[in-house]
Amino acid sequence: MFDNVKIYGKIDNNPLFAPSETTESDILTKSALEFVILLHRTFNEQRKQLLLNRQQQQEELDNGTYQFHLLPETETIRNDPTWQGPTLGPGLINRSTEITGPPLRSMLVNALNADVTTYMVDFEDSLSPTWENIVYGQVNLYDAIRDQINFSTSKKNYKLNNSFAKSPTVIVRPRGWHMVENHVVVDGEPISASVFDFGLYFYHNAHQLISLGKGPYFYLPKMEHHLEAKLWNNIFNVAQDYLAIPRGTIRATVLIETLPAAFQMEEIIYQLRQHSSGLNCGRWDYIFSTIKKLRNDPTHILPNRDLVTMTSPFMDAYVKRLINTCHRRGVHAMGGMAAQIPIKNDETANAIAMDKVRKDKVRELTNGHDGSWVAHPALAPICNEVFSNMGTPNQIYNVPDLSVTVNDLLNTKIEEFKITTEGIRANLDIGLQYMEAWLRGSGCVPINHLMEDAATAEVSRCQLYQWVHHEILLDDTKEKISPDLITQFLHEQVEKLSSASPLGSDNKFALAGQYFLPEIRAEKFSDFLTTLLYDEVCTKSSTPLDLSTLKK
């Protein structure tokens, strides 16, 4: 099994990441790695082919030979009213308030203590994938599930208020199909990050979670085709069989956060059927994907990012289609993120921000969502209060009328349309701040009183690319957005942020700017910033581990 397998991550308990008696060697065991490697070898060729299919579709979009549409080959799935998703999983009936965040030890404790029903633990967009973050994230979850997560620092004691069994239900989001884990090389190529994250968590914790009535449950990100959901379903079946767990025990919620997936919602639920726990509106990633897919089409240019809201035509259509689809098939339709964090020492500004959160959650409840996301425990009471108006644990019974067409999903015309100098500077500021933090190993970043993840930088990058590529005229100065102009603004922003950085010369704004520049000058377009930057955070040991020394 371990022929042609090399692991370049150093196994060394690091109390900075996991003040625990559990170590990396307790996670990277022989039996766990055999399981993960089996899944990778069985399914990696399918994964790579599906990623090639994405590239082919983008090429066809760019040359005008592809138009988004409902798939004729899956018409029978859409038109068959008889099939349904499974009954709701234990601990997943009420998902009215979900909190999200990376598996850092302190954040795990805080989230599990929050007044929420479920908790999405994120190995993807809010976690910079350093080896320490990934493996100690597994350590922290292992400890939390076994009620051994408590720890103390010089400033604070972190302790669960209740046992894990009485805490919010955990749902883990592994990295997307497009990502790899360079520290583990199988047959000469890096292992799938999706399989690595899923496999380690499932292998170590599935039986324990089942005994607690709490899983194993997952969120699946960044998919663009229903066959990508089918691949996950196949992996779930093999994984359950391997551990002698009944098929259908796993439940997975799919984030509809790409434009192609919005045209295949029904098919995605169908492919996961007995494992489906619904769909989620991943709003910022969906905006990113819409710009990304249509970036070279001059009829789909979006204005300043603050003008692109959930009431924009294409966003409103996507939400309504998702809710109708989920409820017709008997599964949850989850709302999007409230990224606001409390504004300390400014009661007026904080009140305005919290009112914005409340209005957003009321909109989601009224549309028919069964629950919504918050990024900070302080927002949970607002979401709880709003969704208590359902009167029931969910409103899956409510199937709203559907009047959404293909054209509605592509209607990016926004009534208030402005692209301004301030819009450029805002994108540069947010994009650079997030990228700089990510390069330092932090993927969950407070910026302008919002808790941001990678989708923030992606929207910034895509918008700037689009505006430069189409030579947009600024509404305020009437100046053309050219590569030279964007370069000037970038250098100014890098200098401003570097000068103000509390890290002094140790900040990484200049490095972030180097990666950002060709993307926003429209000289290149990388699929994802996270894959573009990955080598900068992937610090491999020069010598692979002696696998014979691993624990059984």
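I began with Arg173 and found its place in strand β6, residues 169-173 (strands are DSSP runs of E with at least two residues, helices runs of H or I with at least four, numbered from the N terminus). The model is predicted, so local features need pLDDT of at least 70 and side-chain atom pairs count only at pLDDT 80 or more, while totals for chains, interfaces and linings use all residues. Residues are numbered from 1 along each chain as its sequence is written, and side-chain values use heavy atoms, with hydrogens and water left out.

I then looked up burial: Arg173 is buried at a relative accessible area of 3% (buried is under 20%, exposed over 50%, partly exposed in between, with a 1.4 Å probe and protein chains only).

From the record, I noted that UniProt, in an unreviewed entry, places the feature "active site" at Arg173 and Asp453; such annotations may be inferred rather than shown by experiment, positions follow the numbering used here, and feature names are shortened. The two span 281 residues in sequence, yet no two of their C-alpha atoms are more than 13.6 Å apart, so they gather at one spot.

I placed Asp453 in the loop between β15 (450-452) and α16 (454-469). Leaving out residues up to four places away in sequence, Asp453 touches Asp125, Ser126, Arg173, Tyr434 and Gly443 (contact means heavy atoms within 4.5 Å). On the same terms, the contacts of Arg173 include Asp125, Glu257, Trp373 and Asp453.

Finally I checked the cysteines and found zero disulfides (pairs of cysteine sulfur atoms within 2.5 Å). For Cys281, the nearest cysteine sulfur, that of Cys326, is 8.1 Å away. Cys281 is buried at 2% relative accessibility, and Cys538 is buried at 11%.
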